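The following note sets out numbered points on a two-chain model for a reader new to structural work. Please keep the sequence and the structure in view while reading.

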Amino acid sequence: MRGQAADTAGMGYLESLPRRAVTLWLPLSAFLFVLLFPFYWMVITTLKPNEELLSREGNPFWVINPTLAHVKKLLFDTSYPDWLWNTMLVSVVATALSLFCSVLAAYSIERLRFRGARYVGMAIFLAYLVPPSILFIPLATMVFQFGLFDTRLALILTYPTFLIPFCTWLLMGYFKSIPYELEECALIDGATRLQILTRIVLPLAVPGLISAGIFAFTLSWNEFIYALTFISSSEVKTVPVGVITELVEGDVYHWGSLMAGALLGSLPVAVLYSFFVEYYVSGLTGAVKE
Amino acid sequence: MERLLDNRNVLGLLFLLPAALLLLLFLTYPLGLGTWLGFTDVKIGRAGEFVGLDNFRFLAGDAVALLSVFNTFFYTLVASVLKFVLGLWLAVLLNERLPFKAFFRAVVLLPFIVPTALSAIAFWWIYDAQFSVISWTLMKLGLIDRYIDFLGDPWMARYSTIAANVWRGVPFIAICLLAGLQTIAPSLYEAAALDGASGWQRFRHVTLPLLTPIIAVVMTFSVLFTFTDFQLIYVLTRGGPLNSTHLMATLSFQRAISGGALGEGAALATAMVPFLLAAILFSYFGLQRRAWQQGGADR
């Protein structure tokens, strides 16, 4: 695969340099510029004092007197730290819960091959195609009836509905690649299925677990509609919902702190992603290719 | 007990239990409940009664609901086509021999990683009626003589939200298609080149047919998530101006949660299901068939 990837542009040498500049570097730089500009804009806006933000004079692409006032306001005058903590807590717990369920489910579907396993696998895939936008209304009534409204538990319990199908589907692919012989040897040596799962299959599927974990964490961190619907008190809100509902006061937009909120809320996932890019990409493409 | 746990059927179901419980309780049940709610007149804080097709009949005569259906289709169609074309282009570019290829690939995916609600705030500011940086630049270049009202004019708002959606979706499609491109053997291109195929012909007759299966899957996902989009619209316009950007998802939120008419909102959400199924079947089987016609593997 790696060797192939290096050869894919095998005929690139046939193209002259100026031609390559027009067909490759020009469009690629345009893509990168457009894709990255909003992030640059977030940073610049965060650092700008209000006078510069609300002025049409001067060059908007640069900041003359950078200030951290917006970040300070965000961290000390709003519930932003609470929201960060909530998002972190909900994402970590929901991810752990989903991974636990998915590992067992994926192993069961892919390796125990019980009667009907194929259909359960299909059902899991279909479950992934059910979008939150058609579930949030009935879920809201359920959350209310269970007395979970306005609690973090409501989010921890509902996030797995989109995390488990994805993680299970991804892990099924990883488990498939582990040779049966390893398990058979262990079975002959008298290991139970649970021992096989924890001592043999899981250590071999660590890349898959990391992919699924990173993905689940990012999806939980980004979740919006459930958190918007099930939470109403400021101190239990997550970052995306808190920023949208609390930092916008009437018609006065505090662009500096809004942008600082968006930037700080994006950083954790961006940093995590930068450490695990390969796992993330393989998870993304693996799930699609199956 | 020991014997029972050795049975793969028993053990299999036991392992499946935690996932199945969560999914049945919080996914399958609400899916049914949502459909049921669509046939009742439940309001927040008040139990409802079965009213048959009343909600759907009301929505079918409601200009705003019909507009939201139109908007949803328009949004999905335009955004998906743009995402596909640009995503494929970007994938082909990234598949060339490049220095820092891994870095480029990592950076390209950033818009997809970051929470949509938060990146939408950046777009909100970029689209600001008075301080938009796009307007500023175009003004300085002398291309326009007054600031563009990106989110204030109905059609402008539609295109602006689509642009933000495309911005977020292109990386996903590009990276997935890139993975597909990397599996195409270079020898095929060399053979085509020896037969005298031009660059475009190589792309049209080698790349596209071999890529079709993965395109089908990726676009199915993309259409699905675009059709049911919520966050972006909620943050950028809340459905305005004049309901011109309301999607079915945002309108059902407005009716059900903000307005309290749970039954009506649920009916609107349920009405998305047939469209979704149609979209899935169309993009999946439609493209699958093409793969088969063009000599691709029948999966």
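A nonpolar core is a set of buried Ala, Val, Leu, Ile, Met, Phe, Trp, Tyr and Cys residues joined through C-beta atoms within 7 Å. The model discussed here is predicted.

1. The nonpolar core. The largest nonpolar core has 162 residues. Those with the most contacts inside this core come from both chains: A:Leu171 and A:Met259, together with B:Ala120, B:Ile121, B:Ala174, B:Ile175 and B:Leu177. Helix α9 of chain B, residues 154–181, gives the most to the core, with 15 residues. In soluble globular proteins, nonpolar side chains tend to be buried together.

2. The surroundings of B:Ala174. Which residues does B:Ala174 contact, leaving aside its neighbours within four places in sequence? They are B:Gly87, B:Leu90, B:Ala91, B:Leu94 and B:Val108. B:Ala174 is itself one of the core residues with the most contacts inside the core.

3. The interface between the chains. Contact between the two chains involves 83 residues of chain A and 77 residues of chain B. On the side of chain A that touches chain B, helix α2 of chain A (residues 17–47) gives the most, with 13 residues. By residue class, that side of chain A consists of 58 nonpolar, 19 polar and 6 charged residues.

4. The overall form of chain A. Chain A contains 16 helices and 2 strands. Its radius of gyration is 24 Å, well over the 19 Å that the globule rule gives for 290 residues, so chain A is more spread out than a compact globule. The C-alpha trace of chain A spans about 75 × 70 × 30 Å along its principal axes. Of the 290 residues of chain A, 44% count as buried. Among the contacts in chain A with a separation of 6 or more, 80% join residues 24 or more positions apart.

5. The domains of chain A. Chain A is divided into domain 1 (13–67) and domain 2 (73–289), and the C-alpha centres of these two domains lie 33 Å apart. The contact between them takes 7 residues from domain 1 of chain A and 6 residues from domain 2 of chain A. On the domain 1 side of this contact, α2 and α3 (50–53) of chain A each supply at least two residues, and α2(A) gives the most, with 4 residues. The residues on that side of domain 1 of chain A divide into 3 nonpolar, 3 polar and 1 charged.

6. The domains of chain B. Chain B is divided into domain 1 (1–37) and domain 2 (42–293). The centres of these two domains of chain B, taken over C-alpha atoms, are separated by 33 Å.

7. A:His254 lies in the loop between β2 (252–253) and α15 (255–275) of chain A. How far apart in space are A:His254 and A:Asn50, C-alpha to C-alpha? The distance is 8.7 Å, although the two are 204 residues apart in sequence.

8. Helix α13 of chain B. This helix, residues 248–258, is mostly covered, with 9 of its 11 residues buried. Among the buried residues of α13(B) are B:Met248, B:Leu251, B:Phe253 and B:Arg255. Just after α13(B), B:Gly260 takes a positive phi of about 85°.

9. Most residues other than glycine have a negative phi. A:Asp150 is not a glycine, yet has a positive phi of about 65°. A:Asp150 is placed in the loop between α7 (136–145) and α8 (152–158) of chain A, and counts as partly exposed, with 15 C-beta neighbours inside 10 Å. B:Leu242 is likewise not a glycine and has a positive phi of about 55°. B:Leu242 sits in the loop between α12 (231–236) and α13 of chain B. Is B:Leu242 buried or partly exposed? With 13 other C-beta atoms within 10 Å, B:Leu242 is partly exposed.

10. Confidence in chain A. Chain A averages a pLDDT of 86, and 92% of the residues score at least 70. Over residues 1–9 of chain A, however, the pLDDT is below 50. Beyond near neighbours in sequence, this stretch has 12 contacts in the model. Where pLDDT is low, the predicted coordinates should not be read in detail.

Notes:
Residues numbered from 1 in each chain as written. Chains lettered and ligands numbered in written order. Nonpolar A, V, L, I, M, F, W, Y, C, P; charged D, E, K, R; others polar. Domains from an automatic or database assignment. Rg over C-alpha atoms; globule rule 2.2 N^0.38 Å. Buried ≥ 20, exposed ≤ 12 C-beta atoms within 10 Å, placed from the backbone. pLDDT = per-residue confidence, 0-100.
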